[in-house]
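Please read them beside the coordinates.

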Amino acid sequence: MPERAAPGQPVSGNVRPARSGDVEFLVEIDGLVNVSPWNSRQFAAACDGAVESTESALVLEHRGRVCGFIIFSSVLDEACIHNLAVHPASQGGRFGRSFVTAALEFMEQDGARRCLLEVRESNTAARGLYEALNFQLDGIRKNYYPTSTGREDARLMSRQL
Ligand SMILES: CC(C)(COP(=O)(O)OP(=O)(O)OC[C@H]1O[C@@H](n2cnc3c(N)ncnc32)[C@H](O)[C@@H]1OP(=O)(O)O)[C@@H](O)C(=O)NCCC(=O)NCCS
């Protein structure tokens, strides 16, 4: 079980490109947090070594265990976040903040100048994270996501890198 960073202490996790051997952990984490989880084929397509993939994956490791992932694509100077998660046992410990910050630096070094994403209106934690990292609201996509009771809006956000 992944751990939380000690309160007030800097996160000591490492960020690295995902390998094919990480796929089972990404599927496990996503299954715990995502109402529409991805399958292993979708994650494998983003992992290191995948041929002709437009997506990239980074993982966050803490004490030798994968405790988070981010999947994104880059086209010209724009990067787009497609999926992001921190293991529930590690949430609220500032892993997400340091992980996304590191991922944005990675995207910038890879040539991106802007990062875009979509987030569910009801996703308070992710919205808080993105706002804390200076993402701006660009617009609303009405009724974009399915929910157990109907549909909900997507918030379209972006920031310069
Ligand atoms: C969104 C997610 C990645 C955040 O990771 P985390 O490690 O828990 O977040 P952090 O502890 O680094 O928090 C960073 C900031 O996010 C915001 N935040 C985090 N949890 C929050 C919550 N429950 N409510 C409101 N804001 C929250 C705060 O602004 C926080 O800053 P602070 O520490 O100064 O208060 C994590 O909750 C997660 O994996 N959620 C499920 C998957 C998901 O929603 N992915 C995003 C899809 S768009």
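1. A polar contact here is a pair of N or O atoms within 3.5 Å. The model is a predicted one, and the distances below are computed from it.

2. For glycine 96, a backbone N or O atom lies 2.8 Å from an oxygen atom of the ligand. Glycine 93 also contributes a backbone N or O atom, at 3.4 Å from a ligand oxygen. With asparagine 123 the side chain is involved: one of its N or O atoms is 2.6 Å from an oxygen atom of the ligand. On its own the ligand has 920 Å² of accessible area, and the protein covers 72% of this.

3. The shell around the ligand holds 21 residues, and the closest are Val86, Arg94, Gly96, Arg97 and Asn123. By class, eleven are nonpolar, seven polar and three charged.

4. Which elements each supply at least two residues of this shell? They are strand S4 (78-86), helix H3 (95-109), strand S5 (114-120) and helix H4 (124-132). The largest share, seven residues, is from H4.

5. Phenylalanine 43 belongs to helix H2 (residues 40-46) and phenylalanine 69 to strand S3 (residues 65-75); at 26 residues apart, they link distant parts of the chain.

Key. Residues are numbered from 1 along each chain as its sequence is written. This is a predicted model: local features need pLDDT of at least 70, side-chain atom pairs count only at pLDDT 80 or more; totals for chains, interfaces and linings use all residues. Side-chain values use heavy atoms; hydrogens and water are left out. A residue is near a molecule or strand if one of its heavy atoms lies within 4 Å of it. A polar contact is a pair of N or O atoms within 3.5 Å; within protein, one must be able to donate a hydrogen and the other to accept it, and residues adjacent in sequence count only if both atoms are side-chain atoms. Accessible areas come from the Shrake-Rupley method with a 1.4 Å probe; for residues, only the protein chains shown count as cover. Helices (H or I, at least four residues) and strands (E, at least two) are DSSP runs, numbered from the N terminus. Ala, Val, Leu, Ile, Met, Phe, Trp, Tyr, Cys and Pro count as nonpolar, Asp, Glu, Lys and Arg as charged, and the others, Gly among them, as polar.
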